[in-house]
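I'll jot down each thing I look up, in the order I get curious about it.

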Amino acid sequence: MFRTALFVTFAASLAACGGPATQADAGVPLKCHEYAFTATGAPTALGAQLVSNVFAVPLTVGASQKTVVVDTGAPVTLLDPAVWTGETLPTGQGKLASLALGSLTATDVTVVAAPVGATTGEGPLPGLVGGDFLCHFATSFDYRQPRVLLGEQALPTDLAAPVTVDAPVKGGGMGALPVGNDLVIVQLPPTRIVVAAKIDGIARTLVLDSGASLTVLSPTVFGSLVDDGRKKLDGLSASTVMGSAGLTVTRAKTLEVGGAAVSGVLVASLDSASVFTALSREVGQNVDGLLGGTFLREFLVTVDYEGEQVSLRRYPARDHVQDEFIRVGVALAPITTALPGQPHYEVQLVFPGSDAATQGLAAGTDIVSIDGTALEPLDLEAASALLLGAAGTTKAIETTTGTVMVKVEDLLGN
């Protein structure tokens with residue numbers, strides 16, 4: 001199946017123990033964990049890599065630095081002890097002496113030591129920086145640079161005026177995280193960012209999730225979109241914090257948050273509705289989906305946890321945006337047994353009815369180059385990007401038996 005790096009929320013596994021947490025003695029919502037922060041140099045602007053619309057940044061723990069995802073959809077910060085070998089992590093949920101993001105160091109940090117569950121082209125994802133860390137800042141996500149800004153900072157001057165909407169911060173409670181055959185009980189601060197949206201003109205409630213590559217809708221809402229006969233693609237697969245999951249995608253005609261609207265935005269549905277059942281229980285109201293990267297990337301997004309607002313500043317152009325389903329109609333997979341000088345990628349999937357299928361490309365075909373660029377030294381993200389482009393153009397696909405010219409097309413076009 002065509003695998004997309006899709007890092008979804010913890011809701012399915014962590015919200016299983018009931019509703020919002022409150023302090024037993026005062027009856028007030030449990031807020032962010034208390035951390036001490038020190039900074040050196042300029043305010044923290046984290047240079048980031050965008051992996052399938054998700055921000056990956058370097059995190060330092062002890063003497064080790066690894067790339068983790070910045071995830072507003074995760075209520076806790078999670079580190080995989082199997083990846084952070086050589087560093088002392090707590091057992092289950094506990095305190096870490098310090099961690100550093102850019103010039104910012106936090107001490108006495110609450111983390112959960114457990115496998116993330118998601119994988120990338122480089123192996124298991126080392127960790128997630130979650131809402132319990134981000135809630136101490138006004139956090140901005142700049143999809144054009146890309147970078148993550150922690151705290152109030154100067155923003156680019158060419159952006160449109162901000163569209164600012166109320167975004168109540170909800171959730172929290174006690175949750176159970178499956179680790180192997182055991183369950184680790186963890187305490188969740190309320191960090192779910194709830195926004196009111198309209199999808200094809202109908203009011204919906206979404207949770208803003210910077211760790212979701214696509215905007216993900218509940219099966220019920222997704223089904224209501226495709227009932228009109230619009231094209232959808234199924235038989236796909238996503239890598240999530242719950243492991244691999246089946247995926248179906250289509251396009252919403254419009255998705256609007258406040259006055260910020262995007263037309264033709266990619267939306268997806270996972271096989272299971274349990275994510276949204278658990279998430280709705282945690283925040284105390286019905287949740288229809290996760291507002292993910294295929295909408296958020298159109299804007300510089302600022303989340304003000306304290307003020308409970310989200311601001312969306314539209315970029316003047318869309319040069320940084322590539323639609324994942326306007327592409328040559330194949331998906332690639334790495335050949336793990338390849339030797340130096342051999343093709344390192346093969347066709348994983350051919351989309352039925354595509355020009356790629358007409359041209360005779362088939363699953364298992366070795367791919368040497370695309371438009372003259374050799375694939376051997378590239379990671380999967382970079383290799384797959386070569387298949388994207390403007391609808392109606394062609395790509396030269398070199399295989400071990402010859403070169404074919406294949407059209408780039410909108411695979412979701414009706």
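This is a predicted model: local features need pLDDT of at least 70, side-chain atom pairs count only at pLDDT 80 or more; totals for chains, interfaces and linings use all residues.

α4 covers residues 274-283 and is mostly covered, with seven of its ten residues buried. I wrote down the buried ones: Val275, Phe276, Ala278, Leu279, Ser280, Glu282 and Val283. Here's a rule I keep handy: an α-helix has 3.6 residues a turn, so residues three or four places apart point the same way.

Next entry: the cores. I found that the largest nonpolar core has 62 residues. Phe133, Leu150, Leu291, Phe295, Val301 and Val310 have the most contacts inside this core. Strand β9 (residues 104-113) gives the most to the core, namely five residues. Another core lies apart from that one; it has 23 residues, including Leu266 and Leu290.

Skipping neighbours within four places in sequence, I get contacts from Leu291 to Val195, Leu206, Val207, Leu208, Asp209, Thr215, Leu255, Val257 and Leu296.

Then I turned to an arginine. Is Arg297 buried or exposed? Its relative accessible area is 6%, which is under the 20% cut-off, so Arg297 is buried. Arg297 sits in the loop between α5 (293-296) and β28 (299-304). I also found a polar contact of 3.2 Å between the side chains of Arg297 and Asn53. Leaving out neighbours within four places in sequence, Arg297 is in contact with several residues, among them Tyr143, Leu266, Tyr315 and His320.

A serine was next on my list. Ser369 belongs to strand β33 (residues 366-370). Ser369 counts as buried because its relative accessibility is 5%. Which side chain does the side chain of Ser369 join in a polar contact of 2.6 Å? I traced that contact to Glu398. Ser369 also touches Ala374, Leu375, Ala396 and Ile397, again not counting residues up to four places away in sequence.

Last stop: the surface. I found a nonpolar patch there, formed by Met174, Leu183 and Ile185, and together they have about 300 Å² of accessible area. I followed Leu183 to strand β18 (residues 182-188). With a relative accessible area of 59%, Leu183 is over the 50% cut-off, so I noted Leu183 as exposed.

How values were computed: Residues are numbered from 1 along each chain as its sequence is written. Side-chain values use heavy atoms; hydrogens and water are left out. A nonpolar core is a set of buried Ala, Val, Leu, Ile, Met, Phe, Trp, Tyr and Cys residues joined through side-chain atoms within 4.5 Å. Buried means under 20% relative accessible area, exposed over 50%, partly exposed in between (1.4 Å probe, protein chains only). Helices (H or I, at least four residues) and strands (E, at least two) are DSSP runs, numbered from the N terminus. Contact means heavy atoms within 4.5 Å. A polar contact is a pair of N or O atoms within 3.5 Å; within protein, one must be able to donate a hydrogen and the other to accept it, and residues adjacent in sequence count only if both atoms are side-chain atoms. Patches are made of residues with over 30% relative accessible area and no salt bridge: like charges are joined within 9 Å, nonpolar side chains (Val, Leu, Ile, Met, Phe, Trp, Tyr) within 5 Å. Accessible areas come from the Shrake-Rupley method with a 1.4 Å probe; for residues, only the protein chains shown count as cover. A salt bridge is a side-chain nitrogen of Lys or Arg within 4 Å of a carboxyl oxygen of Asp or Glu.
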